[in-house]
Amino acid sequence: GTVFLFQGPLFFSNATEIPGANITGTCTKTQSQEQILDEGSEVLMGGGLCRFSYILSSDQSGFPLQMINVVGEMFDLAGGTMSITGGTDSYAAASGHALVQPLYENNNLTDVFLETTGYFVQAKLLL
């Protein structure tokens, strides 16, 4: 599959940037939009495996101090529910899940890895 690398700022739900926080990660596209997967009653087109690190704080040199790691599948039309697999510092024992939904400009449903304007994440975090 095709590997996508990304890094960018994190935002609060009101679209204001979270100071000092960012996201970094990779996604490997494993299904093209032509392949159709049926999960229950939902038809999902295109997707792949993603690994994100949500960096919540860094030292003055930019070295991450507090981070939450997330892994799971993302689909073009639906996003995905991803597992929280731990982190660093006070998040070392973190678990739970994160619902990741792609945001598309003008609500055009396109490629989750290429043509999104951002992602909305809602997480249930257990420490």
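Analyst: **A disulfide and the core around it**

Along the sequence, the chain reads β-β-β-β-β-β-β. That is seven strands and zero helices. Both are DSSP runs numbered from the N terminus: strands (E) need at least two residues, helices (H or I) at least four.

This is a predicted model: local features need pLDDT of at least 70 and side-chain atom pairs 80 or more, while totals for chains, interfaces and linings use all residues. Residues are numbered from 1 along each chain as its sequence is written, and side-chain values use heavy atoms, leaving out hydrogens and water.

Start with the one disulfide, a pair of cysteine sulfur atoms within 2.5 Å. Cys 27 and Cys 50 form it, with their sulfur atoms 2.1 Å apart. The pair links distant parts of the chain: Cys 27 lies in strand 2 and Cys 50 in strand 3, 23 residues apart. The S-S torsion is about 115°, so this disulfide is right-handed.

Cys 27 counts as buried because its relative accessibility is 3%. Cys 50 is buried too, because its value is 0%. Buried means under 20% relative accessible area, exposed over 50%, partly exposed in between (1.4 Å probe, protein chains only).

Now widen the view. A nonpolar core is a set of buried Ala, Val, Leu, Ile, Met, Phe, Trp, Tyr and Cys residues joined through side-chain atoms within 4.5 Å. The largest one has 16 residues; Cys 50 and Phe 52 are among those that touch the most other members. Strands 2, 3, 4, 5 and 6 each give two or more residues to this core.

Phe 52 touches residues including Cys 27, Ile 68, Val 70, Met 82 and Val 100, not counting residues up to four places away in sequence. Contact means heavy atoms within 4.5 Å.
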